[in-house]
Amino acid sequence: MSRRFDVAELIDGVRGGDRVALARSITLVESRKPEHRKLARQMLRELAGSSGNSIRLGLSGVPGAGKSTFTDALGCRLIDQGHRVAVLAVDPSSSVSGGSVLGDRTRMGILSQSDDAFIRPSPTGLHLGGVARATREAMLLVEAAGYDVVIVETVGVGQSEVAVAGMVDTYLVLMLARSGDQLQGIKKGILELAHVIAVNKADGENAAEARVTARDLSIAMKLVSSQANERRVPVLTCSALEKSGLDEVWQAVLDHRVHLEKTYGLAKYRGAQQVSWMWSQTEAAVLDSLHGTREMRELAHRMEEAVDSGETSALDASSELLRVFAAQVPSLDWAQPD
Ligand code: GDP
C-alpha cells in the first residue's frame, strides 16, 4: 500500500533539501496513475522557480565503458570543490532485464556515501517515453533541492541517447580504445550528439592505445560535424580508475557551456529543448488516444482487414479512422501519456 502524497509537505521537504522527501517526490513523478500525475504537475509547477540552476550533464557509453567508475570519481571531485551532485539514469531496458544497472548506488561506492550526492537509478516499468519524462521531472526536483550538478547516465544504444541529449546542456560520451566502438558510434549517430568525448581506461598498457583512439576519433569527428564553422568536439583521454584526466574532461564540459552561452545562449538552448519536448508530449498523447478506446481499436482492426484485402483503399480507411477519432476527441481525457 502506498501512502498518500502530501504535495505541500513534499515541496517543503524538497526545498529544504530533505533526501527522503526528494526520493518520495521522484517516486511521485515516476507514477503513471492519473491522480499522481495531477499531483506531480502541481508540485512541479510550484517548484518551477527553484529549478534550472544546475549544470546538466549527459553521460553515455556502452556497458563497461566505465560510466559508474567515472561518475564516482568525478562526482567526488566536484563535491570536494563545493558542488552538490545528483546522478539520474535513463535505461528503459532496466524494466525488462535489470538492464545495465545504471545509477546503481553500489557501483558508485564512494559517491553514494556523501551527503552532497544523490543517486537515483532508472525508473522501472516504463518504456522510454515514460522514463524520459520521469527523468526530466526528477531533474527539476533535484535542482529544486539544491543539487547544482546533475549527471544523467545512459547506455550507448538507441533512442535513449537522443532522449538524454534533449534534456541536458552538455553531452559527454565515454569511449574505449580497441573496441571498434568509435566507428559503431559514428554509424549510430551517437557521436553526432556528443559535445565532449573522452576515451576512458587510458592507463597501464592501454594508455598508448587510448591516445591513438582519441586521435583517430578527433579526425573522424571533423567529418561528422555538419557545419564548417562549428566548434571542434574535444576528444580527450582519461582514467576513471586512476582518476587522471578528469579535471580536463570537466574543464571541457565547462568550456562547452561557455561556448553555448556565447553562441546560442543557454536559456535559448533549454527553451528549444522545451519546445521539442512540448511537441513530443503532445504527439504522444494524440497517438495514445488514437488507439485508446475500444471503439477505435475495433475500427482499426476492421480497417486493417479491409485495406489488406483490397476492399477499401488506404486513404478511405484513414479518413474513416480520423472521422471516428475526431468525433471522440471532445470526450477524451488528455492525461499525460507515458
Ligand atoms: P559502466 O558499465 O559503463 O558503468 O562501467 P563500470 O564503471 O562499471 O566499469 C566497468 C569495468 O571497467 C569495471 O571493472 C571498472 O573497474 C573498469 N574500469 C572503469 N574505469 C576504468 C579505467 O579508467 N581504467 C581501467 N583500467 N578500468 C576501468
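This short talk goes through the ligand site of the model and then the helix packing beside it.

Before the details, please keep in mind that this is a predicted model, in which local features need pLDDT of at least 70 and side-chain atom pairs count only at pLDDT 80 or more, while totals for chains, interfaces and linings use all residues. Residues are numbered from 1 along each chain as its sequence is written, and side-chain values use heavy atoms, with hydrogens and water left out.

Let me start with the ligand. There are 15 residues around it, and G64, K67, T69, D203 and A240 come nearest, where a residue is near if one of its heavy atoms lies within 4 Å. That shell divides into 5 nonpolar, 6 polar and 4 charged residues, with Ala, Val, Leu, Ile, Met, Phe, Trp, Tyr, Cys and Pro counted as nonpolar, Asp, Glu, Lys and Arg as charged, and the others, Gly among them, as polar.

As for individual atom pairs, a polar backbone atom of A240 is 2.8 Å from an oxygen atom of the ligand, a backbone N or O atom of L241 lies 3.1 Å from a ligand oxygen atom, and a polar side-chain atom of N200 lies 3.2 Å from an oxygen atom of the ligand. On its own the ligand has 580 Å² of accessible area, of which the protein covers 74%, by the Shrake-Rupley method with a 1.4 Å probe.

Which helix gives the largest share of the shell around the ligand? That is α4, residues 67–80, with 3 residues; helices here are DSSP runs of H or I, at least four residues, numbered from the N terminus.

From α4 we can move on to α11, residues 246–263, since the two pack at an angle of about 75° with their axes 11 Å apart, the axes being lines fitted to C-alpha atoms over the stretch in contact and the angles running from 0 to 180 degrees between N-to-C directions. That makes α4 roughly perpendicular to α11, a term that covers 65 to 115 degrees. On the α4 side F70, A73, L74, R77 and L78 meet L246, D247, V249 and W250 of α11, contact meaning heavy atoms within 4.5 Å. By class, this contact has 7 nonpolar, no polar and 2 charged residues.

Finally, α11 also crosses α12, residues 266–290, at roughly 85°, and their axes come within 7 Å. Here R257, L260 and E261 in α11 meet L266, Y269 and R270 in α12, which divide into 3 nonpolar, no polar and 3 charged residues.

Key:
A polar contact is a pair of N or O atoms within 3.5 Å; within protein, one must be able to donate a hydrogen and the other to accept it, and residues adjacent in sequence count only if both atoms are side-chain atoms. Angles under 35 degrees count as roughly parallel, over 145 as roughly antiparallel, 65 to 115 as roughly perpendicular and the rest as oblique.
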